Amino acid sequence: MLSFTSLSWADTDSTQRLENVQAELQTLSKEFNQNKASKSELYQQLKNQSKAISKLNRELRQLDQQLKQQTSQLDELKQKQQQQQKSHAQQFQALSKELRSAYINAQPNYLKVLLNQHDPASLSRASIYFDYFHQARQQQLINISSTLQLLAGNQQQLLAAQQRQQQLYEQRQQQQQALQRSNRRRLATVEQLEIKMNAQGTRISALREEEQSLQTLLKSLSLQKETKSAPQKFDHFKFASRKGSLTWPIKGKVIARYG
């Protein structure tokens with residue numbers, strides 16, 4: 001059994017240690033709860049960003065599909081332009097030949113009419129025929145030119161729309177990449193918090209066990225101090241029953257007897 005002084009010293013030391021443990025436990029628990037709240041907030045942000053990334057992915061797929069369609073339309077327009085340009089060249093070449101032929105064939109007829117004094121009616125009919133045919137060719141050239149202008153206008157509109165779509169696609173890609181970088185940073189922060197919280201949780205468990213042990217020890221010391229400080233009761237009946245069996249304090253000659 002410890003002496004009263006030793007008990008007092010042990011009680012004081014254990015009380016101080018308990019206060020230190022409880023102070024550290026309070027601080028650590030507060031930090032743990034703050035980290036837990038931060039982790040929860042980060043998870044919510046990650047959830048929101050994941051939704052935003054999914055939305056951007058859908059937009060990017062739609063934009064990519066639109067760009068492919070516009071590219072296909074531009075290819076079709078180019079083919080039509082090439083066909084119209086080829087037709088225009090053919091019609092122009094045919095008209096040029098017809099004009100040359102009409103001019104060449106017409107000159108002798110006029111000369112023949114003047115020299116031979118033939119009836120000019122046949123020459124007039126031929127001239128009208130060639131004029132009509134010439135006008136038809138010219139109209140075809142005009143129609144082809146109009147079609148080429150229309151195709152060129154459509155091509156410019158499609159190119160402008162494609163450029164806008166491409167710019168929008170690049171913007172969405174940049175937003176997606178920025179969100180992904182932000183997600184990676186948040187995930188790294190969450191991992192660090194989890195490591196820190198695991199260490200804090202282990203320390204908190206150890207401190208709580210120590211707190212419980214110290215509280216148990218202090219209760220035991222308190223009981224021992226109460227026992228030491230309480231007055232001892234003398235049991236006369238128990239002492240009387242041991243008459244004749246008690247040991248002598250010291251050995252020696254009995255000088256006088258009492259009683």
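Two residues are said to be in contact when heavy atoms of one lie within 4.5 Å of heavy atoms of the other, and the legends below use the word in this way for a predicted model.

View 1. The chain holds 3 helices and 0 strands, and reading along the sequence gives the pattern α-α-α. Of the 259 residues in the chain, 22% are buried, while the chain exposes about 20,200 Å², of which carbon and sulfur atoms supply 52%.

**View 2. Confidence along the chain.** The mean pLDDT of the chain is 76, with 68% of the residues reaching 70 or more. Helix α2 (residues 121-229) has the highest confidence, at a mean of 82, whereas helix α3 (residues 236-240) has the lowest, at 52. Over residues 107-118 the pLDDT falls below 50, and this stretch has 8 contacts in the model beyond near neighbours in sequence. Where pLDDT is low, the predicted coordinates should not be read in detail.

View 3. Ser 29 belongs to helix α1 (residues 4-116). Ser 29 counts as buried because its relative accessible area is 17%, and the cut-off for buried is under 20%. When its neighbours within four places in sequence are left aside, Ser 29 is in contact with Ile 204 and Arg 208.

**View 4. Ser 29 and Arg 203.** Although 174 residues separate Ser 29 from Arg 203 in sequence, the two are 9.8 Å apart in space, taken from C-alpha to C-alpha.

How values were computed. Residues are numbered from 1 along each chain as its sequence is written. This is a predicted model: local features need pLDDT of at least 70, side-chain atom pairs count only at pLDDT 80 or more; totals for chains, interfaces and linings use all residues. Side-chain values use heavy atoms; hydrogens and water are left out. Helices (H or I, at least four residues) and strands (E, at least two) are DSSP runs, numbered from the N terminus. Buried means under 20% relative accessible area, exposed over 50%, partly exposed in between (1.4 Å probe, protein chains only). Accessible areas come from the Shrake-Rupley method with a 1.4 Å probe; for residues, only the protein chains shown count as cover. pLDDT is the predictor's confidence in each residue, from 0 to 100.
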